[in-house]
Amino acid sequence: MATVEQRLTDMLTPAVEALGFELLGIEYVSAGKHSIVRLFIDHENGINVDNCADVSRQASAILDVEDPISTEYNLEVSSPGLERPLFKAEHYLRFIGEIAFVQVRMPVNNRRKWQGEIIAVEDDTVVLAVDKERHRIALGNVQKAHLVPQFD
């Protein structure tokens with residue numbers, strides 16, 4: 001069964017791409033009347049407020065017609081920002097060598113939170129170097145992940 005995020009992604013990707021943007025991913029935070037549907041968009045030239053507004057109008061129209069969420073929610077459209085979220089294998093591949101924070105649904109080696117260097121992506125698994133050891137995390141087990149900005 002597809003997650004809410006996956007159903008929303010399938011529903012909204014064509015419209016976002018038609019506007020010339022990439023839909024990086026969607027976060028759905030269920031909290032009654034304070035639920036949030038957050039879209040992360042990107043473009044090779046960056047994202048500005050007008051881009052977010054354009055995508056928000058288009059996504060809102062689709063969500064109003066399709067009505068995929070029965071409760072009230074707020075729609076947010078955002079650029080990836082410094083803590084760029086990682087949703088797909090391609091995102092991890094693009095940032096090999098960078099530091100990522102990964103939170104998993106089911107513990108891996110008795111841990112749910114990991115932070116380390118992205119070493120590789122192999123067979124739907126991301127490989128992180130944490131404390132000089134390699135750890136494999138199934139992408140299907142990732143609840144939330146993002147880059148950790150490094151300032152030198």
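User: Which strand is arginine 38 found in?
Analyst: Arginine 38 is found in strand β2, residues 35-42, where a strand is a DSSP run of E of at least two residues and a helix a run of H or I of at least four, numbered from the N terminus. This is a predicted model, in which local features need pLDDT of at least 70, side-chain atom pairs count only at pLDDT 80 or more, and totals for chains, interfaces and linings use all residues. Residues are numbered from 1 along each chain as its sequence is written, and side-chain values use heavy atoms, with hydrogens and water left out.

User: Is arginine 38 buried or exposed?
Analyst: Arginine 38 counts as buried, at 18% relative accessibility, since buried means under 20% relative accessible area, exposed over 50% and partly exposed in between, with a 1.4 Å probe and protein chains only.

User: And what does arginine 38 contact, leaving aside its neighbours within four places in sequence?
Analyst: With those neighbours left aside, arginine 38 is in contact with Gly25, Ile26, Glu27, Val29 and Glu76, contact meaning heavy atoms within 4.5 Å.

User: Switching topic, where is tyrosine 92 found?
Analyst: Tyrosine 92 is found in helix α3, which covers residues 89-94, and tyrosine 92 is buried, with a relative accessible area of 1%.

User: Which residues does tyrosine 92 contact, again leaving aside neighbours within four places in sequence?
Analyst: Tyrosine 92 is in contact with Leu86, Ile118, Val121, Val126, Leu139, Val142 and Ala145 once those neighbours are left aside. The C-alpha atoms of tyrosine 92 and alanine 145 are separated by 9.7 Å, although the two are 53 residues apart along the chain.
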